[in-house]
Amino acid sequence: MDAQSLIARRIARELRDGMLVNLGIGIPTLVATFVPKGIHVYFQSENGLIGTGPVPEPGMVLPWLTDAGGKPVTALPGASTFDSAMSFGLIRGGHLDLTVLGGLQVDRHGLLANWMVPGKMVPGMGGAMDLVAGAKRVIVAMQHTAKGRPKIVRECSLPLTSIRPVDLVVTELAVIGFPEGRATLLETQEGVTVEEVVAATEADLAISPELTRPTPLKDASEAVSLPPVGETI
């Protein structure tokens, strides 16, 4: 399994039945592919849609139906659409159970930088600042290093997204939490040693006394592509 799918599969294990979940652009969108069987969640796009479905088949694209990144999506039966004011009212009002975002850097205290690289043209922060500040739980999905450089650092050199720490970082090597404001290794991915994680991390890592490895899926039938939507939230 490639690194991005490995990350998304692990994050999907954090989903709970009935959750309202926002998935950011990039790796986070893959989480919907690995929703465990029997778990029904509601995916929200900050541009005004609850109940996003898979990418439409060729010839079935509707130009007004897109995700937050402007890519075509479908709407599942029972989906609802609304304007940006309502969408950000849900986010800022604390109604999102979980948001999954990509990351450029996360520091030793859990502060995230994910929206800007100085000197480069970028589309802007989108809803990232509101999502980190407003969601009940924030998970960062990112690869552990970029061009050989650690992305979990002592101090972020890039502009911060929020002064609120994230709850969890999931990479292709490990799962890292921030209890008491300190980066702590909670899990290593299958086949990865603690030493490998530490070597790829700039921030000093505490090692959880309950360090675990996730149980791998036996086969693809243990995950479903997308959950049904249609019940009242």
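Which elements make a right-handed β-α-β unit? The unit is made by β15, helix α4 (residues 194-199) and β16. A crossover is right-handed if, with the strands pointing away from the viewer, the path from the first strand over the helix to the second runs clockwise. Helices (H or I, at least four residues) and strands (E, at least two) are DSSP runs, numbered from the N terminus.

The model is predicted: local features need pLDDT of at least 70, side-chain atom pairs count only at pLDDT 80 or more, and totals for chains, interfaces and linings use all residues. Residues are numbered from 1 along each chain as its sequence is written, and side-chain values use heavy atoms, with hydrogens and water left out.

Two strands pair if DSSP finds at least two bridges between them. Strand β14 (residues 174-177) runs antiparallel to β15 and is joined to it by 4 bridges; Gly-177 has Thr-184 as its bridge partner in β15. The hairpin of β14 and β15 has 6 residues between the strands, and Glu-180 there takes a positive phi near 55°. Strand β16 (residues 206-212) runs parallel to β15, with 3 bridges joining them. Thr-184 has Ala-206 as its bridge partner in β16.

Another strand, β7 (residues 105-107), holds Gln-105. Gln-105 is buried, with a relative accessible area of 11%. Its side chain reaches the backbone nitrogen of Leu-158 at 3.1 Å.

Conventions
Buried < 20%, exposed > 50% of the residue type's maximum accessible area, 1.4 Å probe, protein only. Polar contact = N/O pair within 3.5 Å; in protein donor to acceptor, adjacent residues only side chain to side chain.
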